[in-house]
Amino acid sequence: MEIRALELENVKSYERERITFAGGTNAICGPNGAGKSTILEAIGFALFNVPPGRRLSDWVREGEKTAVVTVSLLADDEREYQVVRKCGA
């Protein structure tokens, strides 16, 4: 299975973002506080239901009620799937 894309809506500092991954190994680079860890936490939350931190409410962008994480996958059988997780009110 291969992760193709990650979509974040109202997650921490991300208002609305789509990150597309290339085949093979990808690097996530940026300065401190840019949101690199949030990307990895979002994938863990969507695919494995690992909560990012102590309270999910802290993960919702300030001033918003809900956050949505969508991971697009390409399975070994060449089918595309999406895993969607929501948190907040």
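**Reading a sheet and its core**

Tutor: Let us begin with one residue of this predicted model. Setting aside neighbours within four places in sequence, L6 touches E17, R18, I19, F21, I39, A42, I43, V69, T70 and V71.

Student: Which residue of β2 stands opposite L6?

Tutor: The residue opposite L6 is I19 in β2. Likewise, L8 has E17 of β2 opposite.

Student: In which sense do β1 and β2 pair, and over how many bridges?

Tutor: Strands of a sheet pair through backbone hydrogen bonds, in either a parallel or an antiparallel manner. Here, β1 and β2 are antiparallel, with 6 bridges. Their hairpin has 2 residues between the strands, and K12 adopts a positive phi near 45° in this hairpin.

Student: In what order do the strands of the sheet lie?

Tutor: The open sheet has 4 strands in the order β2-β1-β3-β4, with antiparallel pairing. The edges are β2 and β4 (80-88); each has a single partner strand, so one side of each lacks a neighbour in the sheet. From one strand to the next, the twist averages 10°.

Student: How do side chains point along a strand?

Tutor: In a regular strand, side chains alternate between the two faces of the sheet.

Student: Which residues have the most contacts inside the largest nonpolar core?

Tutor: They are L6, L8, I39, W59 and V69, in a core of 18 residues. Two or more residues of this core come from each of β1 (2-11), β2 (14-20), α1 (36-48) and β3 (66-74). The element that gives the most is α1, with 5 residues.

Key: Residues are numbered from 1 along each chain as its sequence is written. This is a predicted model: local features need pLDDT of at least 70, side-chain atom pairs count only at pLDDT 80 or more; totals for chains, interfaces and linings use all residues. Side-chain values use heavy atoms; hydrogens and water are left out. A nonpolar core is a set of buried Ala, Val, Leu, Ile, Met, Phe, Trp, Tyr and Cys residues joined through side-chain atoms within 4.5 Å. Buried means under 20% relative accessible area, exposed over 50%, partly exposed in between (1.4 Å probe, protein chains only). Contact means heavy atoms within 4.5 Å. Two strands pair if DSSP finds at least two bridges between them. Axes are lines fitted to C-alpha atoms, for helices over the stretch in contact, and angles run from 0 to 180 degrees between N-to-C directions.
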